[in-house]
Amino acid sequence: MLEIKDLHVNYGRAGILNGLNLKLERGETLAIVGESGAGKTTLGLSIMCLVEGRVSGSIQFQGKELLTLPKQEMQAIRWNRVAMVFQNVNNVLNPVHNILNQVAEPIIEHRLSSKNEAREKAGELLERFGLPRSRFSAYPHQLSGGEQQRVLLAMSLANDPELLILDEPMSSLDVTTREELGNLLQQMDGDCARLVITHDLDTASRLSQKLAVLYGGRIIESGPTREVLRYPRHPYTRALIRAYPNMTTVKDLQGIKGRMTRPVSGCAFHPRCTQAISICRDKVPQLIRDNERAVACHRGGIITLLSTVNLSKSFGSLKAVDSVNLNIASGETLALVGQSGSGKTTLAKIIMGLHTPTDGSIYLEGSKITNRGKEFYKRVQMIFQNPGESLSHRLTVLESVMEPLEIQGTGTKEQRRDKAIQTIGEVELPRTEDFLNTYPHHLSGGELQRVTIARALVMDPDLLIADEPTSFLDASTGAKILKLLLNLQEHRGLSILHITHDIATARKVSDRIAVMLDGRIIEEGPSNEIVASPKQAYTKRLLGSASALRPT
Amino acid sequence: MHIDVKKEIRQSGIGRAGVIILVLVVLIALLAPLISPYDPLQQSTDSLLAPSTSHWLGTNHVGQDIWSQLLYGAGTSLLVGFGVGIISLLLSIIFGVSAALIGGVYDQIVMRIVDAFIIVPMAIVAILVAAYIKPDIPVLILLLSAFSWQGGARVIRAQALSLKEMGHISASRVFGASGLYIARRHILPDLGPILLVEFIYGVRRAVFMEAGLAFLGIGDPMLVSWGVMMRDAMRFSYLDVWQWWLLPAGVMLSLTIVGLTFVSHAAETVLDPRLRGAEVA
C-alpha cells in the first residue's frame, strides 16, 4: 500500500534521510524506532509531503507517486486518506475552537457531509478515546496533555484514513494513560495501516507487529517486532535495547559508545560499532533480507565470535563436559550457570586449550580451531578462578601485566610498559611506581582480581572467559569489577563468557544464560526468559536458592 | 612463598660451618700455585723424608713435596666436583623439565632410561668404564656426569610436574607462551633451592668418586690428587709416613665432603620445613 524507495531528504548540506526503503501493507502496523536525530519525523513529514528541504526518491501510496503529485491532489489525500498525529501536542490544536468542532472540521471539509453528521461522528470518536460528552465543549487550553493527545488521535481518524502516521504518540503521556491509549489503538479496526514513529521501544512493542530501526537516515534492521526485540541482529538495535530501561530485560543498562555524528562515510554506525572492519568505513551496507528479517550490516549483523560443537571431555568414566553446543556473539555476555562440579571450568579450560576435548570442535569466527597459536590467545583470554594462584609470586604487578605482551612480542619494551600501565589504570588500580612494583602477596583480593583482569585485557582480546571473577571478593568490590566488565563491553565490544554459580549475578550481567548440569547445557535463552520462566526444574531450584533480600 | 636460600643457610650454624670450610678449600685450590713451595710433580732424590722446615709434610717415594701435593689436590678435587656438578645438573634440568612439560611417550622414555641407570650401581659401572678408558680430567668429568644426572632429573621432573599445574603457569600458557618460555621464566626460578641441593649432591658424589677411582689406581697415576696420594701412601704403610702422607690427604678429602654435606643439609632444611630445628622457629 505504501512503498518508499531510495528516499533522500536534505536540509542544506546535511542528509537527513539517505536512501530509505520501506514497504507497508494494508492493516499492518510498522514501528520506526531510532534515537532523536535519526530522521524519524522527517520520514513522517515526507510521506505527508510537508517536508521542507530537497526530497528525492519515490513514495508510492496505492500506486500513486506522492512526491510528484500536484498540490491539489495531494491535499485531497492528506488528512483524508493519509493522516498524521504530530509529536508536539501543544501547538497543533486551534485555541479558539472547542474540541468537538475541531474533530468535526476535517470531516466537514473533505467529505462535505452535513455538519450534524460530522459532529455525530466526531462525538463518537472522542468517546472512543475516552473523553466524556461533558468535555466536548472544552477548549484546548482547558485540557490536560493526555486529553489533548486523545483529541488529536480522534481528529486523525475522523476521515477513516487508510494510512495513519503516529509521531511519538505516547511521549507526553504518563504510563497509565499510555497503557489505556495503547489498548485503544490496538483495538482499532484492521484496515488502517499505521506507521508508528518513536524512540520508545515500549510504544513500538505495544503498537506494532513489525519494527524497523532507523539510524543515520537509513533502515538498518527490520523484522517482526517480537523477534527483533528478542534477538536483535544489528549491533545498534542490541545497543538500543540495552540502553532502554524496562521491565523485561534484566541486564544492567549499558550506553552506546560515542555519539551520533553525520555525515559519516560508509555504514553510518561504524564509528560507534565495536565490530566494524575496514569495509564498514568505505561502503554503505545494503539491507539484506532473510525471510522476515532484514539487516544492513557488512558483517551480516552481530557476528558469532566463538562456538562449540558437541564439545565433550571425559575423565575416565566421568563425563565432565557432555556434547556442549554454545555460541557467543560479539559484544555479548553469555553466563554459564551451574553448581560446582557441573563442568563449567572444564569447559572454559577446553576452550583455552588447557584440556584436550575427547570429542567435538571449537570455532572462532567460523574457522575451526586446531592449533592454538599466539594469534588465538591474542583474541581469547581468560580470568582464572583463583586470582592469588594465577599470579606468579615472583613477578610484580607491572611484570605480571606485561607478561602477555612479552610472550606475544608486542612492540618495544617501552610500548609494552606504557600499554600495561594504561590497562592497569583502566581497571582502576593506582598507577604509582610503588604499586606497580608490589608483589602479589602484598595485595588484597580485590586488587589481585583486578591485576588478573588487567593482565587478561592488556592484549585487547575479543573474548574474555571470566571464571567466577567475583567469588573471592566482597560485594562492593565485586560490583565494581562487574561494572568494569560491562563498561569494557560497551566501549570495546568485548564478548564475555561469564562463569558463575550465582544466577543472581548472571541475571545482572548477561544477555543470555546457559544452565549447566552434569556436563550438559540443560537450558539456554535470553536472560530475562530464563529468569522469568525457567523450563527445567533445576533452573527453578537455582532461582529459588539464589540470593535475595527476604526478611521474614 | 619467598624462600631466600642464602639467608637460610647463613642463619643455620651448620650451613655457616659448611660454607666456611668450602671457602677455605676453594681458596687453597685457587692459591695453590702461589703458596706451595714446590712444583708438586717435581721429583727429587730426597724420597720419603720426614717433615722438616724445607718439606713441611716431608716427601713421598719419588721425592715430591707432600705439602705442595696436598694443596694442588684441592684443585683437582674441586675441578672434577664442580665440573660434574654443573654438567649433571644441566642434564638433570634438561631431561627433568622437558619430561614434565612434554609428557606422553617422551616422558615415559626418559624416565625409563633414568630408572635403568638408577638400578645399576653407579660406582661399579664407573670403575669398569674408567678402568677401560683410563680417563684424564675432562673425560673423567664427562664420565661421572653421565652417571649422576638421573636422580636429579627424577626429582626435578616431579617438582616441575606439580609446578606445571599452578595457576600462573596455566595463565602463562593461555598468553601463548611456549614450553621454553615457561621453563625459563616460571619453572626454573621456582626450582631454585632444589637445584642448589641437587648441584651439591652432584659435587659431593663427584669429589668422592674421583678420590675413590684414584685410590683404586684407575685413571691417570701422574695426576696430583688426594686419592692418588692415599693410594701411594698405603703402599708404604709399614713406615711412619702415613702420619704426614696418608692422614692429611684423608682429612682434606673428608673435610671437603663434610663441608658440602653441611651446606646441602642447610639447604634441605629450607626446602622441607619439617627438618627445621627450634632455632628457626
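**View 1. Chain B is built from 11 helices and 0 strands.** The model is predicted: local features need pLDDT of at least 70, side-chain atom pairs count only at pLDDT 80 or more, and totals for chains, interfaces and linings use all residues. Residues are numbered from 1 along each chain as its sequence is written, while chains are lettered from A and ligands numbered from 1 in the order in which they are written. Helices (H or I, at least four residues) and strands (E, at least two) are DSSP runs, numbered from the N terminus. Read from the N terminus, the elements of chain B are α-α-α-α-α-α-α-α-α-α-α. The C-alpha trace of chain B spans about 75 × 45 × 30 Å along its principal axes. Of the 281 residues in chain B, 46% are buried; a residue is buried if 20 or more other C-beta atoms lie within 10 Å of its own, exposed if 12 or fewer, and partly exposed in between, with C-beta atoms placed from the backbone. Two residues are in contact if their C-beta atoms, placed from the backbone, lie within 7 Å. Among contacts in chain B between residues at least 6 apart in sequence, 72% join residues at least 24 apart.

**View 2. Chain B meets chain A with 16 residues from chain B and 20 residues from chain A.** On the side of chain B that touches chain A, helix H8 (167–173) and helix H9 (179–215) of chain B each supply at least two residues. H8(B) gives the largest share of this side, 6 residues. By class, the side of chain B that touches chain A has 8 nonpolar, 7 polar and 1 charged residues. Here Ala, Val, Leu, Ile, Met, Phe, Trp, Tyr, Cys and Pro count as nonpolar, Asp, Glu, Lys and Arg as charged, and the others, Gly among them, as polar.

**View 3. The largest nonpolar core has 148 residues.** A nonpolar core is a set of buried Ala, Val, Leu, Ile, Met, Phe, Trp, Tyr and Cys residues joined through C-beta atoms within 7 Å. The residues with the most contacts inside this core are A:Val337, A:Val401, A:Ala454, A:Ile465, A:Leu497, B:Leu144 and B:Ile200. H9(B) contributes the largest share of the core, 19 residues. Not counting residues up to four places away in sequence, B:Leu144 touches B:Val84, B:Ala126, B:Ala206 and B:Met209. A second, separate core of 79 residues includes A:Val82, A:Leu125, A:Leu240 and A:Ala294.

**View 4. Chain A is divided into domain 1 (2–81 + 161–296) and domain 2 (310–545).** The domain bounds come from an automatic or database domain assignment. The C-alpha centres of domain 1 and domain 2 of chain A are 38 Å apart. Their contact takes 12 residues from domain 1 of chain A and 17 residues from domain 2 of chain A. The side of domain 1 of chain A that touches domain 2 of chain A has 2 nonpolar, 6 polar and 4 charged residues.

**View 5. Four strands of chain A form an open antiparallel sheet in the order S14-S13-S16-S17.** Two strands pair if DSSP finds at least two bridges between them. Strand S14 (318–329) and strand S17 (367–368) of chain A are the edge strands, each pairing on one side only. Strand S13 (residues 304–315) of chain A runs antiparallel to S14(A), joined to it by 8 bridges. A:Thr308 has A:Leu326 in S14(A) as its bridge partner. Helix H11 (residues 344–352) of chain A packs on the sheet, touching S13, S14 and strand S16 (359–364) of chain A, and its direction makes about 65 degrees with that of S14(A). Axes are lines fitted to C-alpha atoms, for helices over the stretch in contact, and angles run from 0 to 180 degrees between N-to-C directions.

**View 6. An open sheet of 6 strands in chain A has the order S18-S19-S20-S15-S21-S22, with mixed pairing.** The edge strands, each pairing on one side only, are strand S18 (380–383) and S22 of chain A. From one strand to the next, the twist averages 15 degrees. S18(A) and strand S19 (residues 463–467) of chain A pair in the parallel sense over 4 bridges, and A:Gln381 stands opposite A:Leu464 in S19(A). Helix H17 (residues 445–457) of chain A packs on the sheet, where it touches S18 and S19 of chain A; the direction of H17 makes about 175 degrees with that of S18(A).

**View 7. Strand S21 (residues 512–517) and strand S22 (residues 520–526) of chain A run antiparallel, joined by 6 bridges.** A:Ile513 stands opposite A:Gly525 in S22(A). The hairpin of S21(A) and S22(A) has 2 residues between the strands, and A:Asp518 takes a positive phi near 50 degrees there.
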